[in-house]
Amino acid sequence: HHAAGVPREGAAGGGAMTAAAQKLVFNLLRERNAPLNVQLLTDNLQSAKVKKSQVLKSVGALVSKGKITEKEYGKSKIYFLCQDTLEKPSKEEIAKLNAKADKLKQNLDEERTSLSSIKKELNALKHQMTDEQILEKTKALNEANKEKSAKLSKLQGKEAGVWRRSLLLFLSLFSLGSALPDTISKEKFSETKNLLQQNVVLWKKYKGIFLDIWNTLLESMETAKESKLRVDIGIERDEDVGTLYSTYADLIKKRKLAPM
């Protein structure tokens, strides 16, 4: 702990040895400014080669000189620096110390804020996907998109023609306030009506399939703007082509579809 050490006995006489030990004991108590017993003093002065017997003699001498105080607690004795002998700082020194303490507290608060920000950023990074994971997820989504697109195209190929023909035929048969031509039979009307109902159901179904694919794609591209992405890919919504699902669904629900 203290590198100077104590002179060996006989090297410079017992007086030099005792004085050196007293100085080490006193400096340790002043440095710690806390009560210590003989054993703790000895343990802390081992590196300076101060023996327990020397510590005992030193504390006795320092108590006699009034430099340290001795207190007894049962069989134990503790020693601490006499507070009356300590130099008291001036008002200016106290003000400087307080200013220094305030500055240190401010630095500590700044460091804590910085550390908290770094921890939040680190936590966010831990939950982000790596480049490899993003590529894998993109690949999987592309495969799923191809599979669903192929399925949708197949369904559209089979049924789109029927859907368009039935819708056009129905609209030609049933317009607001107009009578049906004499050449249209009730059976033909009923057939067209059923086709319209079936295809309105299919419209909703296919739109749901598409929205599942579209929403999955959007979730994997958080920074993409939906409207721009829709234009870039070439997707047209119902309203973009001037038609709405609700128009035909409401037509079936609210109006009595029968020949006039």
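Trainee: Which helices each supply at least two residues of the lining of the largest cavity?

Mentor: Helix H1 (13-32) and helix H3 (52-64) do. Keep in mind as we go that this is a predicted model. The lining consists of Met17, Thr18, Ala21, Gln54, Lys57 and Ser58.

Trainee: What volume does the largest cavity have?

Mentor: About 30 Å³. When the whole structure is searched, one cavity of 30 Å³ or more turns up.

Trainee: Let me pick a lining residue, then. Is Lys57 buried or exposed?

Mentor: Lys57 counts as exposed because its relative accessibility is 60%. This lysine belongs to helix H3 and is also one of the residues that line the largest cavity. To place Lys57 against another part of the chain, take Gln22: the two are 35 residues apart in sequence, and 8.2 Å separates their C-alpha atoms.

Trainee: Now the strands. How many bridges join E1 to E2, and in which direction do the two run?

Mentor: Start with the pairing and then go residue by residue. Strand E1 (residues 68-73) and strand E2 (residues 76-81) run antiparallel, with six bridges between them. Within this pairing, Thr69 faces Phe80 of E2, and Glu70 has Tyr79 as its bridge partner.

Trainee: What should I expect of side chains along a strand?

Mentor: The general idea is that side chains in a regular strand alternate between the two faces of the sheet.

Trainee: And how many residues lie between the strands of the hairpin?

Mentor: Two residues lie between E1 and E2, and in this hairpin Gly74 adopts a positive phi near 70°.

Trainee: How accessible are Asn33 and Lys49?

Mentor: Asn33 has a relative accessible area of 47%, so it counts as partly exposed. Lys49 reaches 67% relative accessibility and therefore counts as exposed.

Trainee: What does Pro35 touch beyond its neighbours in sequence?

Mentor: For a question like this, set aside neighbours within four places in sequence and see what remains. For Pro35, the remaining contacts are Ile78, Tyr79 and Phe80. Pro35 itself is in the loop between H1 and helix H2 (38-44), whereas Tyr79 is the E2 partner of Glu70 and Phe80 is the residue opposite Thr69. The C-alpha atoms of Pro35 and Ile78 are 5.9 Å apart, although 43 residues separate the two along the chain. Pro35 counts as partly exposed because its relative accessibility is 48%.

Trainee: Is Asp238 buried or exposed?

Mentor: The cut-off for buried is under 20% relative accessible area. Asp238 has 17% relative accessibility, so it counts as buried. Its place is the loop between helix H7 (226-233) and helix H8 (245-254).

Trainee: Which residues does Asp238 touch?

Mentor: Leaving out residues up to four places away in sequence, Asp238 touches Trp203, Lys207, Thr243, Leu244 and Tyr245.

Trainee: Let's step back. What is the order of elements in the whole protein?

Mentor: From the N terminus, the order is α-α-α-β-β-α-α-α-α-α, which comprises eight helices and two strands. Of the 260 residues, 23% count as buried. Taking contacts between residues at least 6 apart in sequence, 55% join residues at least 24 apart.

Trainee: Where does pLDDT stay under 50?

Mentor: Over residues 175-180, for which the model has seven contacts beyond four places in sequence. For the protein, the mean pLDDT is 78, and 77% of the residues reach 70 or more.

Notes. Residues numbered from 1 in each chain as written. Predicted model: local features only at pLDDT ≥ 70, side-chain atom pairs only at ≥ 80, totals over all residues. Heavy atoms only, no water. Pairing = 2+ DSSP bridges. Helix = DSSP H or I, 4+ residues; strand = E, 2+ residues; numbered from the N terminus. pLDDT = per-residue confidence, 0-100. Contact = heavy atoms within 4.5 Å. Buried < 20%, exposed > 50% of the residue type's maximum accessible area, 1.4 Å probe, protein only. 1 Å grid on protein atoms, 1.4 Å probe; cavity = no way out; pocket = protein on both sides within 12 Å on 5 of 7 lines; lining within 4 Å. Points joined across faces, edges and corners; volume = space filled by probe spheres on them.
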